[in-house]
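Here's a quick tour of a protein model, written for someone who likes to know the cut-offs behind the words. Take a look at the structure first, then read on.

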Amino acid sequence: MDSVFDALAHPTRRRILELLKGGAMTAGALADAFAVSKPTMSNHFAKLKAAGLIQAESRGTSIVYTLDLSVMEEVVMGFMGRLRVGDAHEKGDTCATET
């Protein structure tokens with residue numbers, strides 16, 4: 001979970017995820033959307049891959065990135081569970097044993 005939150009902490013990485021919501025993109029096309037160096041973009045891609053938020057596939061001389069929402073869903077659900085979001089007591093409901 002920590003690696004996902006670390007990856008999401010940077011605005012460039014969040015923007016990369018937003019761009020990938022529209023579908024697969026090459027590393028070059030993604031890099032063109034930012035005014036940063038290619039090594040900096042590579043570091044952002046590596047951080048997102050390590051967190052499991054994106055997947056990379058080599059196609060010829062290009063690397064194509066896709067979004068992997070399953071990891072995000074798992075982390076959000078785990079985080080909500082830790083906060084006890086959706087807990088019956090959180091909503092003000094009472095159990096029959098508490099009456």
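## Salt bridges

Let's start with K47, which counts as partly exposed because its relative accessibility is 33% (buried is under 20% relative accessible area, exposed is over 50%, and partly exposed is in between, with a 1.4 Å probe and protein chains only). This is a predicted model, so local features need pLDDT of at least 70 and side-chain atom pairs count only at pLDDT 80 or more, while totals for chains, interfaces and linings use all residues. Residues are numbered from 1 along each chain as its sequence is written, and side-chain values use heavy atoms, with hydrogens and water left out.

What does K47 pair with? Its side chain meets that of D6 in a salt bridge, at 2.9 Å from N to O (the term asks for a side-chain nitrogen of Lys or Arg within 4 Å of a carboxyl oxygen of Asp or Glu). D6 sits in helix 1 (residues 2-8) and K47 in helix 4 (residues 38-50), so the pair ties together parts that are 41 residues apart in sequence. Helices here are DSSP runs of H or I with at least four residues, strands are runs of E with at least two, and both are numbered from the N terminus. D6 is partly exposed too, at 37% relative accessibility.

The structure holds three salt bridges. Another one joins R15 and E18, at 3.3 Å from N to O; these two are three residues apart in helix 2 (residues 11-20), so about one helical turn separates them. R15 has a relative accessible area of 39% and E18 one of 44%. E57 and R59 also meet in a salt bridge, at 3.3 Å.

## The hairpin

Strand 2 (residues 54-59) and strand 3 (residues 62-67) run antiparallel and are joined by six bridges (strands pair if DSSP finds at least two bridges between them). A56, for instance, has Y65 in strand 3 as its bridge partner. The two strands form a hairpin with two residues between them, and G60 in the turn has a positive phi of about 65°.

## A nonpolar patch

Which residues make the nonpolar surface patch? M1, F5, V76, M77, F79, M80, L83 and V85 do, over about 680 Å². Patch residues have over 30% relative accessible area and no salt bridge, with like charges joined within 9 Å and nonpolar side chains (Val, Leu, Ile, Met, Phe, Trp, Tyr) within 5 Å; areas come from the Shrake-Rupley method with a 1.4 Å probe, and for residues only the protein chains shown count as cover.

Helix 5 (residues 69-82) gives the most to this patch, with four residues. V76 lies in helix 5 and counts as partly exposed, at 37% relative accessibility.
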